[in-house]
Amino acid sequence: MLIHSSGLSKVKDSVKEKIFLGHEPNAELIAILTVYFVQGILGLARLAVSFFLKDELLLSPPQMSVLLGIVALPWMIKPVFGFVSDGFPIFGYRRRPYLVLSGILGAAAWVSLATIVHTSWAATVAIFLSSLSVAVSDVIVDSLVVERARSESQADAGSLQSLCWGASAVGGLITAYFSGMLLEHFTTYTVFWITALFPLLLSVVAWLIAETPISKDAKQSNHENFLTIKHQVRQLREAFTQKAIWLPTAFIFIWQATPSADSAFFFFSTNELHFKPEFLGRVHLLTSVASLVGVWIFQRFLKSIPFRVIFGWSTFLSATLGMTTLILVTHTNRLLGIDDHWFSLGDSLILSVMGKIAFMPVMVLAARLCPLGVEATLFALLMSIFNSAGLVSHASGALIMNWLGITSTNFESLWLLVVITNFSTLLPLPFLNWLPAAEEQTETLTLQPASVKNG
């Protein structure tokens with residue numbers, strides 16, 4: 001009996017160290033990881049949404065591109081959700097109620113897609129609400145992680161964030177393949193019904209969050225919250241008066257805002273190349289793994305390279321390698337004896353690795369730009385700015401598609417769209433000097449009074 005107890009204790013310790021990175025696997029941690037896992041697993045409906053918009057609502061590539069830009073709006077105003085949850089507690093709680101409501105909202109959005117949505121406007125509203133649900137839950141769970149990460153020792157710094165990112169990645173990997181496989185056997189409406197179950201997990205695990213209700217006088221509490229928000233806004237204004245912050249932010253915005261051809265290429269893959277959902281799911285799975293490889297390459301070999309160097313080379317190589325898509329678009333690969341499926345798969349894997357290597361410095365740079373005293377708020381604002389660049393990217397891509405006359409069946413000018421979108425990614429290169437120099441990128445910024453900066 002003693003031996004059995006000792007062996008069980010060793011297994012528990014091993015699970016704690018290897019799986020939970022040294023964190024006690026209590027109910028609250030499981031709840032937090034569940035929220036991140038749900039964020040990843042909601043990708044189950046990604047392909048279903050695309051096929052629903054294309055086949056059921058008969059949207060064109062430009063229309064789909066615009067819609068995808070609109071539904072990303074909640075991610076551009078994430079700091080607002082943080083201010084609201086901090087400043088307006090519900091029944092004395094700042095976290096639990098918002099997590100419960102986000103779960104109910106998400107489930108309702110997916111159920112509506114499975115039942116009553118039959119127009120493009122209704123689809124836009126429903127997908128927007130599902131995006132809003134995920135954005136709100138992301139803000140709430142990020143605030144919980146930040147609060148708990150403060151108690152980490154220096155040796156364990158970042159382990160909780162890594163654990164949460166891993167939970168989201170696991171959810172994403174699980175659904176990457178099944179997102180296509182399910183569409184081979186079920187309708188898009190069935191996939192929406194299945195997806196609707198997962199947001200409800202947020203409402204369930206919210207009750208596992210250890211949160212003490214606010215006991216202060218409501219009027220005094222609201223006044224203090226107003227002062228806190230006012231102080232944060234003032235700090236953000238001071239932060240963005242520094243060139244060391246707004247110049248790199250402007251560079252990343254330009255880099256992210258270049259036109260996108262994703263919607264047109266989805267129509268080309270399904271209508272022209274006749275790729276099945278199961279194959280597209282397989283591609284998504286392998287590209288997700290390739291993205292992890294890109295993260296590993298960056299962490300292992302490239303993280304000490306200056307931002308200007310890595311952005312310059314990764315942008316140039318990505319634009320060059322992106323031109324290989326012309327071989328598929330013009331069917332030249334068939335003349336070379338390469339099947340469309342194999343060429344598309346290999347091309348996607350290479351571009352995914354390069355794309356992740358190019359994007360990793362964005363996250364590092366965003367963290368470096370946040371001065372002491374306003375880290376969390378400014379980081380959320382930077383992510384919102386970067387996400388808003390995605391709206392510009394989709395909108396400009398839609399305009400170019402419309403200008404070139406690309407439709408759900410006409411892909412004669414797709415090669416020109418590929419050329420334009422790839423060359424446009426080179427537009428930020430003349431502004432590389434806006435990024436921190438090698439000797440500056442490891443420095444931690446501090447907010448200074450305006451009189452000192454202007455002195």
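Q: In which kind of crossing, right-handed or left-handed, does H4 pass H13?

A: This is a predicted model, and in this model H4 passes H13 in a right-handed crossing. The two helices, H4 (residues 61-70) and H13, pack at an angle of about 130°, with their axes 8 Å apart. Angles over 145 degrees count as roughly antiparallel and those from 65 to 115 as roughly perpendicular, with the rest between them oblique, and that is why H4 is oblique to H13.

Q: Which residues meet where H4 and H13 pack?

A: On the H4 side they are Pro61, Met64, Ser65 and Leu68, and these meet Ser263, Ala264, Phe266 and Phe267 in H13. The buried residues of H13, which spans residues 262-272, include Ser263, Ala264, Phe266 and Phe267. After H13 comes His274, whose phi is positive, near 60°.

Q: Is Ser50 buried or exposed?

A: Burial is judged by relative accessibility, with under 20% taken as buried; Ser50 has 17%, and therefore counts as buried. Ser50 lies in helix H3 (residues 46-56), and, when residues up to four places away in sequence are not counted, Ser50 touches Met64 and Phe266. Met64 belongs to H4 and Phe266 to H13, and both take part in the contact of those two helices.

Q: How do H3 and H9 pack, and in which crossing, left-handed or right-handed?

A: H3 and helix H9 (residues 188-196) pack at an angle of about 145°, with their axes 10 Å apart, and H3 passes H9 in a left-handed crossing. Ala48, Val49, Phe51, Phe52 and Glu56 of H3 make the contact with Thr188, Tyr189, Val191 and Phe192 of H9.

Q: Which residues of the largest nonpolar core touch the most other members?

A: In soluble globular proteins, nonpolar side chains tend to be buried together. Here the largest nonpolar core has 77 residues, of which Leu53, Phe192 and Leu417 touch the most other members. Helix H7 (residues 120-149) supplies the largest share of this core, twelve residues. Phe192, leaving aside neighbours within four places in sequence, is in contact with Ala45, Ala48, Val49, Phe52, Trp110, Leu113 and Ala114. There is also a second, separate core of 19 residues, and among them are Ala239, Ile245, Trp255 and Leu435.

Q: What does H15 reach from its first C-alpha to its last, and which of its residues are buried?

A: The reach of a helix can be set beside the span expected at 1.5 Å a residue, and for the 16 residues of H15 (residues 307-322) the reach is 22 Å, close to the 22 Å expected. Among the buried residues of H15 are Phe307, Ile310, Phe311 and Gly322.

Key. Residues numbered from 1 in each chain as written. Predicted model: local features only at pLDDT ≥ 70, side-chain atom pairs only at ≥ 80, totals over all residues. Heavy atoms only, no water. Buried < 20%, exposed > 50% of the residue type's maximum accessible area, 1.4 Å probe, protein only. Helix = DSSP H or I, 4+ residues; strand = E, 2+ residues; numbered from the N terminus. Expected span 1.5 Å × (residues − 1). Core = buried A, V, L, I, M, F, W, Y, C linked by side-chain atoms within 4.5 Å. Contact = heavy atoms within 4.5 Å. Axes fitted to C-alpha atoms, helices over the stretch in contact; angles between N-to-C directions. Parallel < 35°, antiparallel > 145°, perpendicular 65-115°, else oblique. Left-handed = near helix turned anticlockwise from the far one by under 90°.
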